[in-house]
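These notebook entries record what I looked up in one structure, in the order in which I took up each topic. I begin with a pair of helices and then turn to the chain as a whole and to its partner.

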Amino acid sequence: MSDNGEEPQSLTYFVRQSDLPLRLGILVDVSGSVESVFPAQQQAAEIFLQQTLRPSDLGSIITFSDQARVAQDFTGKLDALTGAVHRLKAGEASTAIYDAVKTSCKNLSREDDRSFHRRALILITDGEDNSSISKIEDAISTSLQSEVVLFAINTNVVPAFTDSLLKKLTENTGGRVLHARGPSELKMAFRKVNEQLRNQYLLGYKPANWQADHSFHKIHVTTLRFGLRVHCRKGYYANE
Amino acid sequence: MKARELKALLTVVTALSACLVAQQGPGPKTDSSSSALSAMPSSHALTEAAAGALSVRVREVNVLFSASDWRVVLSRISRCQTSR
C-alpha cells in the first residue's frame, strides 16, 4: 500500500473486520421519478435490513427529495427500521442527491457516538439530481471526512444516464454502484452490498510523511493475488 | 508615577491572561480527568510550540477495504446467462 505515493513508515495491524459494529444509513429517494419502482425498493430494503443488521449494529432511515429528512433515527430495533421503510411514500417534486449525501454523512459521524465502528450509507435513487445546492465534490469530501463508505443502488431504467456521477460519488469512498431495475435485481444489489460489508479488512499504518495541514493524502491499496479488485476510499484529509 | 506603572502592569497581565484563555479554547466538557489536565498548559499550545522543531508528526491511519475476485464475478454472470 502507499500513502501519497510513499510506503508507510510501518503497518500497525491488519485484521478481518466482519464483526466490527456497523453504523448504517439507508438514504431513500422519494421524488416522483422513482414512484414506479418504489414498492419493490421498500421490500428489498426491508429484507436487506433483516439480513444485515446484527445486535451490535445501528441503522437509520433517511428520505430525500429537495432536502433530507430523518424517517427513523439510529436504532438497533429492526421493527422500527422496517416499519419506517414500510411507511415511506414517493411522489415529491425535486431531487437533491448531493445535499442529502452530505447531511446523511454528517449524521452518521455524529460526535455523541464514540465507539469504534464502520460507517456505510446506501443511497437508493435513479440518480437524477436537479436541485442540490452542493456540488458532487462537496458530497465526496464530506463522505471522506466522515469516513463513510457510500453505496448507490441505481434504479434508473437507463442507468448509463446517471452512472458516471454515481460512480464518482461512491468509488472515491470505497463503495460502488449497483443496478436494479426490477424486484429481483434490487434483492441482488442489496445482497452484494451485504457481502461487501461483511467481508471487509481493516489496515492500520503510520504514514511516512504526515502533518496536520488538512491536505488530501491519496491512498492506494493493492493485492499480490491476481484477479482481485480492491474497494477502499481514495484518500483522507490530514486533520487533527 | 507609581500608580501609572501599576496600571500599566495590570494592563499587561490582563492582556496576557486573555491571550492564554484564547489559546486554550473552550476546553473539554465534563470529564474529571480532563478537568485536571486543563489546569496545565494546553496540549494544543504545546503541540503548536513543538511544531517548528518537529516538522513531521506521525499519526495512525485506518483503512477499511474489501476485495472482489473478478473471476468469481465473471463466472456468476455466465451462470446467470446460461440459466436464462
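**Entry 1**

The model I am reading is a predicted one. I then looked up which residues form the contact: H4(A) contributes A:Ile136, A:Ala139 and A:Ile140, while H5(A) contributes A:Leu165, A:Lys168 and A:Leu169. I sorted these residues by class and found 5 nonpolar, no polar and 1 charged in the contact of H4(A) with H5(A).

For the geometry, I located helix H4 of chain A at residues 136-145 and helix H5 of chain A at residues 160-171. Their axes lie 9 Å apart, and the packing angle is about 25°. Angles under 35 degrees count as roughly parallel, and H4(A) and H5(A) are therefore roughly parallel to each other.

**Entry 2: H4(A) on its other partner**

I next looked up the packing of H4(A) with helix H3 of chain A, which spans residues 97-108. Here the angle is about 15° and the axes are 9 Å apart. H3(A) and H4(A) are therefore roughly parallel to each other. The crossing of H3(A) and H4(A) is left-handed.

From H3(A), I listed A:Tyr98, A:Val101, A:Lys102, A:Cys105 and A:Lys106. They meet A:Ile136, A:Asp138, A:Ala139, A:Thr142 and A:Ser143 of H4(A). The classes in the contact of H3(A) with H4(A) are 5 nonpolar, 2 polar and 3 charged residues.

**Entry 3: H1(A) and H6(A)**

I then turned to helix H1 (residues 38-52) and helix H6 (residues 183-198) of chain A. How are their axes placed, and at what angle do they cross? The axes come within 9 Å and cross at roughly 30°. H1(A) and H6(A) are therefore roughly parallel to each other, and I recorded their crossing as right-handed.

On the H1(A) side, I found A:Ala40, A:Gln41, A:Gln43, A:Ala44, A:Ile47, A:Phe48, A:Gln51 and A:Thr52. On the H6(A) side, I found A:Pro183, A:Leu186, A:Lys187, A:Phe190, A:Asn194 and A:Leu197. By class, the contact of H1(A) with H6(A) holds 8 nonpolar, 5 polar and 1 charged residues.

**Entry 4: chain A as a whole**

The C-alpha atoms of chain A fill a box of roughly 50 × 40 × 35 Å along the principal axes. I compared the radius of gyration of chain A, 18 Å, with the value near 18 Å that a compact globule of 240 residues would have, and the two agree.

I looked up burial next: 43% of the 240 residues in chain A are buried. Among contacts in chain A with a separation of 6 or more, 78% join residues 24 or more positions apart.

**Entry 5: the side of chain B that touches chain A**

Lastly, I examined where the two chains meet. I found 16 residues of chain B in contact with 31 residues of chain A. On the chain B side, the elements that give two or more residues are strand E1 (61-69) and helix H4 (70-83) of chain B. Which element gives the most to this side? I found that E1(B) does, with 9 residues. By class, the side of chain B that touches chain A divides into 8 nonpolar, 3 polar and 5 charged residues.

Methods. Residues numbered from 1 in each chain as written. Chains lettered and ligands numbered in written order. Predicted model: local features only at pLDDT ≥ 70, side-chain atom pairs only at ≥ 80, totals over all residues. Rg over C-alpha atoms; globule rule 2.2 N^0.38 Å. Buried ≥ 20, exposed ≤ 12 C-beta atoms within 10 Å, placed from the backbone. Contact = placed C-beta atoms within 7 Å. Axes fitted to C-alpha atoms, helices over the stretch in contact; angles between N-to-C directions. Helix = DSSP H or I, 4+ residues; strand = E, 2+ residues; numbered from the N terminus. Parallel < 35°, antiparallel > 145°, perpendicular 65-115°, else oblique. Nonpolar A, V, L, I, M, F, W, Y, C, P; charged D, E, K, R; others polar. Left-handed = near helix turned anticlockwise from the far one by under 90°.
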